[in-house]
Amino acid sequence: MKKIIVSIITFSLLAVSCSDFIEKEERGTQTLENYFQTVQECENYTNELTHRLLLPNDWWTLIAPRVTNEMSTDDAWMGNTGQDSGAHRPCSQYLITPDNMGDMNSIYTAHYYTIQSANIGLEKMALSPITDAQKDQYMGESLFVRAYCYYELVNLFGGVPVYTKSLGTGDLTLERNTAEEVYAQVESDLKEAAAKLENAPVAKDGRINKWAAYALLARVSLFQEKWAEAKLYSNKVITEGPFALESDFLKIWDVNNHNGIESILEAQSSSVQDKSLGSALPTLSGARGEDKKNFPSNDAGDVLDGWGWCMPTSDLENAYLSENDEIRRRSTITKWGEAAYGDEVLNPTHKFSLNDNKSGRICRKYYIPIATRRSLDKKDGHLPLNIPLIRLAEMYLTRAEANYHLGGDALSDINVIRARVKLDPKTGISGPTLLRQIYKERRLELAFEGLRLYDIRREKDPTTGRPVIESLMGPNGTFVQYNLNSTDPYETTNLREPQDKGINFDASKHLLWPIPQLEIDLSNGLIKQNPNY
Amino acid sequence: MKFKYIGFFIALMCTAVSFGQIKIKGTVKDKANVPIPGVNVIVKGTSTSGATDFDGNYTISVPNKNAQIEFSFVGFTSQVVPVGDKTEISVVMQESSQALDEIVVVGYAAVKKSDVTSSISSVKGKELQTMTVGNVTESLQGKVSGVQVVGAGGPGAQPRVLIRGISTINLSTDPLYVVDGIPMGTSINFLSNNEIESMEVLKDASASAIYGSRASNGVILITTKKGKVGKTRFNFDLSSGMQIMNNPYNMADAEGYATIMNTAYNNSGYSDYLPNPSQYKGKTTDWWRAGIRTGTPVTNASLGVTGGSDKHTYAVSLNYYDSESMYGIGGWERVTMRIANDFKFSDKFSAGITLNPRYETYGSPSNWADFDKIDPITPIYKPADQLTGLENEYSIYARSPSYVWNPVAAVKRYDDYTDQYNLNTNGYLQYTPIKGLVIRSQASIEVGDIVRDKFSPDFVIDAAHEKAEINSVEKWNTTDVNWTWQNTATYNRTFAEKHNASLMIGNTMEEYNQSTLWGYGEGVPNNSDSMRELNAATKNRNSSGTKTSSSLMSYISRFSYNYDEKYYFTGTFRRDGSSKFMENNKWANFPSASVSWRVLNEGFMESTKDLLSDLRFRAGWGRVGNQNLPSAVYQSNIGQGFYIINGEVVDTSYPSTMANKDIKWETVEDLSFGLDFGLWKNKLSGSLEYYEKKTKDMLFLKQFPTYSGFPGYSTMWTNVGSMKSNGIDLLISYKDKRGDFSWGADVTFTTVNVKMLSLSADGEKLYGSSNRTLTVEGDEPGYFYGYVADGLFQNQTELNSHTDEHGTKLQPYAQVGDIRFKDVNGDGKLDDKDRTKIGSPWADYNVGLNLNFAYKGFDLVANFYSSIGNDLINQNISDLYNGASLTNKVSGLDQMAWHGEGTSNYIPRLSKDDNNENFTKFSSFYVEDGSYVRMKNLQVGYSFYNKFGLDKLRLSLSGQNLWTWTNYTGVDPEVGGGVLGSGFGGWNYPVQPTILMGLNVAF
């Protein structure tokens, strides 16, 4: 009995003395506080930032908004007429409201997550015990990523809040900056990135390099109509960068030509089977309703059924036809029953479910060749198609457009681009005709590469001085009227996607997407909505 | 039963001296014919007394025939029997309606019910066992005032239990369960209701503060059955029956679906989706019948044996519960055993040990809603011309264009089962060195192993959407080792006759360790059953594992004092040191105090004794905490991922959670006032309580503006303010008996008003469930927030008049038959500022009604439960009434929906495009009255005593959830959910009606 008392007293004393007992550490997880201590940690962190430029293996977060943007132009239909189009319809048909944005919500949240992550990384890496050269490289890459996110946000939503320090809960009283201020930050980040990456190796391996920074500088300069800078940077990339145009246009989007000679920056993919690092784009926008019977092999292994979203318009096809641009037409669009361009032997008559396809056309750029399909155990999530983010041809077109406004030689750059696809050079055009030709060349060259919506929003119609999109969309828009009077055998017979796409376009608001209502609410109204939404 | 035990020893001490004039013998039994040991047998007016032995037998000597013998025993009504000429007097003791002297378990002690000063409700195991449920809290519903239980359907589902409303808005709201003194976490699924002797709900903080940092949601103490002194007794219980799963909706058939969809397409300007609907006549796929069983068996059985001597008592029970799933595969099966041994070595030493091995196996598909949602035209199997004969057995199913995966195929593929093995060992040693001092040391070790095996076969139903190109096998293993050691010393003493005091001090240590291991592999050579092991995987192996540990060390104390059983005071104090607390704040204190005035014992109340049998006032205050936090609260974690550089896989890292450095701990303080009364010998009794609970520094995973870029959709744990909930709990019991007929009724009534007192910033708005609920200062938390649906536009005139003052239409895309949304602020625009409070998920009150009747061998029990005044969001209408999606619709929707002036003012016209956002705008269109009254249980039984060689045989027939009254048109009005997302009804698993037969045998 005494023993018990003694033991209880002992226990109590013991308990007091060993307060270690209530010290438990979290195992197996690194924390932000003690991260960024090694080169590897800094590199891994930067890798993820780079990954988040497009998250190519995630069909929803950034890929879906990207194709939805294409669907909101004259290049693409929503395309899939067999299934619920709720995610794409609000943008594509210009019915969007802050409450109902379809898949356009996610890009806003995702890019800001990346911006905050980049800010954290930049602050921590500045203090990291790694060499200055290593710091320059990883911080330079991080700055580029932040700039890229802001560049997309400003084009989609207009002036958004800008911040360059990591935020805590006490810092969340930001309001919207102007578009000019956002662009100013983008430019400053890109210039700093280029400077930091000046001596970093350019390995063309998916890693961000200084040329990507210069090329994006060229793009954002063009978008701001800073013609001199647009020319300066595009010229720098063309003349000093280690890039060349692919001689074969098909090689630009090619499962076997990752990070090719023309590529300045690509979102990376891999067919490695134990991770889902393939590209989601060929799945989301692949032909819906393929059937093995339509392949010579009659083998189910050749079938890669896509989800059928984002299908080319006959309007885009006509643009190619009007230039007799066979190479780019067939590299961009496969019409139902045509051979898959470049894959004629194994896929001589590419057929898919017409019932599910608005236009009887699919995007050839997103096509996965039969040989690749056969080599994969797992296809979904493992398709090895890199997605170009910036490539050299754009620089020529940028320089051409800048030269046009600066009174320089615009034609020769266009003709470089045309020559590659075996088109005769344009000669003797000038003024509005030349500008329209530059715009058209951009459309033909860069279709389905994520630029069309931004281009038609910022390009000015030489006749009216108004954004090109206003002449295409709306009740009297040329694109709308074309479709309403179209005789295209596919589009006019599959009316489950309305033929009057774009008719609801309202120039007073639709040059930008709305800010998600959730953001207005969560900011307690400090973030204001875009006009007229 | 502890008090019998005590009574027995008291009786032993008073062993009578007999003078031997007339010897009387006999047996004392209870109504159930169970002998009662230890009954006091006194010859009235003399000092002669005795007691019954283990078999209820006694002998006593009386002086003459005029003597009277009085039989008395705690919990039973005393009886006086004149001797007369009899030499053998056997009596049947009636259980007394006096509840006052029951023993109630409080934290780390047990006290007389009359000594309780705080708010504790006690429920006997017997009352809980009238229902056949997997989780005992389901049968608690409506039986205790102040406790809301929201049932969860499905085998093994855990109901949501709220004690006096919510006190936290983001953390778990489940109470802490303490079984036989050992804290067992917030789930009680492992316990069979047959194992329970009694259950005590500690409702206010003055009662629960002794559990400190885990008590903010209240504490439920469970005492399991223990052995009783007496002969060995067997008890066998079996109830078995059918759970009924009726389709909650009458879905359209193939022809009806085609008609509805065509209407929706035509209304949006498209041609028919399914031309010529009549071609589908008679070609409906009845998915429900193909995959859902209307009746699924449920069985609850238990075999118990108890007995013992004054040195050793034991109780052993074997319990079995089986609830099959409505899919025909899987379900939930539980086998538990409880072996309790209590030893009394001497007057000073006693000890006990309870072993509780358990086995559970569970797993079942959860896609029942898909059987309603999938379109009725798609056949179950692919037509013959689409089959080659080379497909595997999982690939012969057809793909629906509705996006809904073939549910029959999904059930066919299902192979995800979990086996759980546990052993709980709980032992104590008790030492009483001097009278009034009890030193007790109790330890418990819980060892558990959970093994989950999952196999996903490869299949191709649709090459684009519904397929798995390669099969995979997964295994999870979770090992838990938790131990608790607690030591208490309790000293009771009465000073100067009227001062009764008791002091308890003690300390506890607890440690929880969990280790997990996960393995994954693909490319198992074939899908046959014998290959479904990790070893067989040939490709893409993966694995992960974790080890977590938490600990808690505490000092506890309680001081109770009463003066002359009139004035009572209890104070408790707990100091917790927790590994979950943050660096600078490892220790926290949790005090409480409560007082009670037993008015009835005052001299001036003497004259009311005939009327009043109890009258007490109580008041209590206490503070409790909430340590139930994810580690992410105080730690910014790095997540790991992958990307490709130079064609090779590289590691990536990113911030996966972000810590809030300024975070503080959530505390709950509450104040309660109570009145207990009993009238006419407790024929009518009850209690009325008012409580007020304040939660400070509420922790919430708050969503910040998304530009913040915080991980997890810009969320971070933060203190968001404080909240008050208050209300009343009322319990009224009535019991009466006329001859062979006895009856009783209990009514419980609970109100909860919840109000946000403050938020972290002035004018802050806290959104939940995306932005469908809003929480602002001064209003209830998480109310439904959206547009006001003001009927439908019945005609063009109405449509044309819904404009601003310039004639601009407020809803440019609206057509007749669409919803008219109200311009609430009247600014001539329809925008986000027109959203307003459109409903409340919080009930005005909950009422429980429990009735019982008995006549001779018959007994009848009926339990009702209701929730009145809350709204629910019927999310399913966005599928069932909406022409924009291709899922199946309710039958006759084309006629129910607006199709001409005056045809409906509720369901908008069918539309493929829904350009008016009838369904995508969150509006009062979705809000329905969620009030309901449900008959939880109706049971009729008949008992035979001393027949067929058995002490007792009872047969019963019962129905659970047989009848529900509600205006809610969704699946089931019992809807749970988090606090800022409460009341969102969807395809929640309905609480199923169940019909059961019961058998109880005692011998």
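User: Why does L518(A) count as buried?

Analyst: This is a predicted model, and in it L518(A) has 22 C-beta neighbours inside 10 Å. The cut-off for "buried" is 20 or more, so L518(A), with its 22, counts as buried.

User: Where does L518(A) lie, and what does L518(A) touch?

Analyst: L518(A) lies in helix α20 of chain A. Leaving out residues up to four places away in sequence, L518(A) touches T706(B), S770(B) and N771(B).

User: What makes up the side of chain A that touches chain B?

Analyst: Let's begin with the counts: 84 residues of chain A are in contact with 78 residues of chain B. The helices α1 (2-17), α2 (39-51), α5 (105-126) and α20 (517-522) of chain A each supply at least two residues of that side. The biggest giver is α5(A), with 8 residues. By class, this side of chain A has 33 nonpolar, 29 polar and 22 charged residues.

User: Why is α2(A) described as largely enclosed by the rest of the structure?

Analyst: Of the 13 residues of α2(A), 11 are buried, so the helix is largely enclosed by the rest of the structure. Those buried residues are E41(A), C42(A), E43(A), N44(A), Y45(A), T46(A), N47(A), E48(A), L49(A), T50(A) and H51(A). Their cover includes α5 and α6 (132-157) of chain A, together with β32 (638-645) and β33 (648-655) of chain B.

User: What span should helix α9 of chain A have, and how far apart are its ends?

Analyst: Helix α9 (residues 227-240) of chain A has 14 residues, which should span 20 Å at 1.5 Å a residue. Its end C-alpha atoms are 19 Å apart, which agrees with that expectation.

User: Which residues of α9(A) are buried, and what do they pack against?

Analyst: The buried ones are A230(A), K231(A), Y233(A), S234(A), N235(A), V237(A) and I238(A). They pack against α8 (210-223), β2 (263-267) and α14 (392-406) of chain A.

User: What is the corresponding reasoning for chain B?

Analyst: Chain B has 11 helices and 54 strands. Its radius of gyration of 32 Å is close to the 30 Å that the globule rule gives for 1003 residues, so chain B is as compact as a globular protein of that length. The box filled by its C-alpha atoms is roughly 105 × 65 × 65 Å along the principal axes. Of the 1003 residues in chain B, 48% are buried.

User: Which domains is chain A divided into, and how far apart are their centres?

Analyst: Chain A is divided into domain 1 (34-200 + 512-522) and domain 2 (281-385). Their C-alpha centres lie 30 Å apart, and the contact takes 18 residues from domain 1 and 20 residues from domain 2. On the domain 1 side, α3 (59-71) and β1 (76-77) of chain A each give two or more residues. The most come from α3(A), with 6 residues.

User: What does UniProt list for residues 346-533 of chain A?

Analyst: The unreviewed UniProt entry lists them as "domain: RagB/SusD". In the model, that stretch is 38% helix and 4% strand, and its end C-alpha atoms are 50 Å apart.

Note on methods. Residues numbered from 1 in each chain as written. Chains lettered and ligands numbered in written order. Predicted model: local features only at pLDDT ≥ 70, side-chain atom pairs only at ≥ 80, totals over all residues. Contact = placed C-beta atoms within 7 Å. Nonpolar A, V, L, I, M, F, W, Y, C, P; charged D, E, K, R; others polar. Domains from an automatic or database assignment. Expected span 1.5 Å × (residues − 1). Buried ≥ 20, exposed ≤ 12 C-beta atoms within 10 Å, placed from the backbone. UniProt positions renumbered as here; feature names shortened; annotations may be inferred. Rg over C-alpha atoms; globule rule 2.2 N^0.38 Å.
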